[in-house]
Amino acid sequence: MFVECYDEVGAQVYDTLLRTTLQDLKLARAIQDIKIYIDPRVPIFIAVAKLEKTSESIYLPDVSKYKFEDGILKINVTNEDYIPDILKALWAAVGRHNVNQPDRYKMEVSDVSFDPDNLLVHNTARELKSKVYDAIFRVMPEGFRMTRNSSKGNMICIMSSDEIIDEKYNEKFEEVIREVRGD
């Protein structure tokens, strides 16, 4: 983790802010490397993070048992932590009106137009990326709304400013990306 700034005190403040934000969001172990470059005189803010590999995504058979009875898919949830995720996935697949929840751990789906074995319940990589974006936007200076996103794979790469971003900063942006990637 590294913060680069012409002002040492400013760099220390951003370092503390970044570390606190990552701890609050429980991201410290999920990020392999992160670098922030900030120059408020210009103004420009660059944040590049390399993410650790995430665990596998969670599918319906991983967190429940289910069977078909009279054309209705009856689901018995075995891991209650995923109940909200299961409901969201079912609602997205068939609509709320086709999903009934007689009690906390049971769900019934009347229109099964999806394969229950392949119903994605929780995408861990997408959730991690969302949390890292949240952390970066919390650390980003207020008013920096002009943003360029060059994120790919396990890299999150954001450059922002409070004015139109000049092309001359693309070189610094690419330099920070290469540094964090390990090129």
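Helices (H or I, at least four residues) and strands (E, at least two) are DSSP runs, numbered from the N terminus, and two strands pair if DSSP finds at least two bridges between them. The views show a predicted model, in which local features need pLDDT of at least 70, side-chain atom pairs count only at pLDDT 80 or more, and totals for chains, interfaces and linings use all residues. Residues are numbered from 1 along each chain as its sequence is written, and side-chain values use heavy atoms, with hydrogens and water left out.

**View 1. Hairpin of β5 and β6.** Strands β5 (residues 64-69) and β6 (residues 72-77) are antiparallel and share six bridges. Two residues separate the strands of this hairpin, and D70 in the turn has a positive phi of about 55°. The bridge partner of Y66 in β6 is I75.

**View 2. Strand β6 and its pairing with β8.** L73, I75 and V77 form the covered face of β6, while I72, K74 and N76 form the uncovered one. Four bridges join β6 to strand β8 (residues 106-109) in the antiparallel sense. Within β8, K106 is the bridge partner of N76.

**View 3. Five-stranded open sheet.** The strand order is β1-β2-β3-β11-β10, and the pairing is mixed. At the edges lie β1 (2-4) and β10 (146-149), each of which pairs on one side only. From one strand to the next, the twist averages 10° (axes are lines fitted to C-alpha atoms, for helices over the stretch in contact, and angles run from 0 to 180 degrees between N-to-C directions). Strands β2 (residues 31-39) and β3 (residues 44-51) run antiparallel and are joined by eight bridges; the partner of I38 in β3 is F45.

**View 4. Helices α1 and α4 across the sheet.** Helix α1 (residues 8-24) lies across β1, β2 and β3 and runs at about 145° to β2. Helix α4 lies across β2, β3, β10 and β11 (155-161), at about 155° to β3. Contact here means heavy atoms within 4.5 Å.

**View 5. The largest pocket.** A pocket is an open set of points on a 1 Å grid over the protein atoms alone, where a 1.4 Å probe fits, with protein on both sides within 12 Å along at least five of seven lines; lining residues have an atom within 4 Å of a point. The largest pocket holds about 220 Å³ of space, a volume being the space filled by probe spheres set on the points. It is lined by 14 residues, of which A30, T124, E127, L128 and K131 are the closest to its centre. Helix α4 (residues 124-139) supplies the largest share of the lining, four residues.

Methods
Buried means under 20% relative accessible area, exposed over 50%, partly exposed in between (1.4 Å probe, protein chains only).
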